[in-house]
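Hi,

Here is the structure I said I would pass along. Have a look at it first, and my notes on what turned up follow below.

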Amino acid sequence: MKKAVFMDRDGVINQALLRNGKPYPPANLGAVKILSGVLESLKALRDANWMVIVVTNQPDVARRITSMDEVEKINEYLKYYLPIDEFYTCYHDNEDLCDCRKPMPGALTSAAKNNNIDLNNSYMVGDRWSDIEAGKRAGCKTFFID
């Protein structure tokens with residue numbers, strides 16, 4: 001079985017935008033800024049034979065604040081410039097009660113099934129409680145970035 005490091009996107013890989021002290025995703029590709037040290041860290045993970053999978057909630061699509069196309073452009077940009085294997089993106093909002101929206105573990109368990117990943121020997125890295133809870137529910141070890 002493979003091992004993976006699952007990562008949240010906004011606030012972990014790229015800079016989240018702060019408004020009134022609350023983090024938000026970049027609204028468009030022009031607002032994306034890859035955080036310092038991310039490229040080197042992801043290269044080191046790849047060199048050590050870890051899969052790198054981004055698991056991200058993007059409820060602004062359901063809220064009609066941004067388009068799915070814009071989110072996909074950001075994901076494609078990040079995948080082009082960074083050694084990322086896959087993206088699992090949830091476009092639902094809280095009231096949709098889907099299994100793919102963190103803190104539910106559905107995106108991680110789907111990635112594990114699709115890629116033969118051992119979740120007990122994998123990690124979830126995130127900057128919100130929901131990231132960490134999703135990792136724990138999936139059986140991963142977790143790292144919280146404050």
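One cut-off before the rest: buried means under 20% relative accessible area, exposed means over 50%, and partly exposed is what lies in between. Ile 34, at 31% relative accessibility, therefore counts as partly exposed. Keep in mind that this is a predicted model.

Let me start with the surface. Ile 34 sits in the loop that runs between β3 (22-24) and α1 (38-47). Together with Tyr 80 and Tyr 81, Ile 34 makes up a nonpolar surface patch, and the three share about 360 Å² of accessible area. Tyr 80 has a relative accessible area of 65%, so it is exposed. Tyr 81 comes in at 47%, so it is partly exposed.

On to the rings. There are four aromatic pairs in the structure. One of them is Tyr 80 with Tyr 81, an edge-to-face pair with 4.9 Å from centre to centre and 85° between the planes. Elsewhere, Trp 50, Tyr 123 and Phe 143 are linked into a cluster by ring pairs.

Next, the charges. Side chains of opposite charge can pair when their charged atoms come close. The salt bridge count here is eight. One of these joins Asp 85 and Arg 46, with 2.7 Å between the closest N and O atoms. That pair links distant parts of the chain, since Asp 85 is in the loop between α2 (68-81) and β5 while Arg 46 is in helix α1, 39 residues apart. Asp 85 has a relative accessible area of 23%, which means it is partly exposed, and Arg 46 is partly exposed at 31%.

Another salt bridge brings together the side chains of Lys 102 and Asp 131, at 2.7 Å from N to O. Because Lys 102 is in the loop between β5 and α3 and Asp 131 is in helix α4, this pair ties together parts that are 29 residues apart in sequence. Buried or exposed, Lys 102 and Asp 131? Both are buried.

Helix α4 (residues 129-138) is worth a look in your viewer. Its buried residues are Ser 130, Asp 131, Ile 132, Ala 134, Gly 135 and Ala 138. What do the buried residues of α4 pack against? The answer is α3 (106-115), β6 (123-126) and β7 (141-144). Just after α4, Gly 139 has a positive phi of about 95°.

An α-helix has 3.6 residues a turn, so residues three or four places apart point the same way. Glu 133 is partly exposed, with a relative accessible area of 27%, and Arg 137 is partly exposed at 43%. As for shared partners, salt bridges join Asp 8, Lys 102 and Asp 131 into one network.

Last, strand β5 (residues 86-90), where Thr 89 is found. The side chains of Thr 89 and Asn 75 are joined by a polar contact of 3.1 Å. Setting aside neighbours within four places in sequence, Thr 89 is in contact with Thr 56, Gln 58, Val 71, Glu 72 and Asn 75.

Cheers

Key:
Residues numbered from 1 in each chain as written. Predicted model: local features only at pLDDT ≥ 70, side-chain atom pairs only at ≥ 80, totals over all residues. Heavy atoms only, no water. Patch = residues over 30% accessible without salt bridge, like charges linked within 9 Å, V, L, I, M, F, W, Y side chains within 5 Å. Areas by Shrake-Rupley, 256 points an atom, 1.4 Å probe, with all protein chains shown as cover. Salt bridge = Lys/Arg side-chain N within 4 Å of Asp/Glu carboxyl O. Helix = DSSP H or I, 4+ residues; strand = E, 2+ residues; numbered from the N terminus. Buried < 20%, exposed > 50% of the residue type's maximum accessible area, 1.4 Å probe, protein only. Polar contact = N/O pair within 3.5 Å; in protein donor to acceptor, adjacent residues only side chain to side chain. Contact = heavy atoms within 4.5 Å. Phe/Tyr/Trp six-rings, centres within 6.5 Å; stacked < 30°, edge-to-face > 60°.
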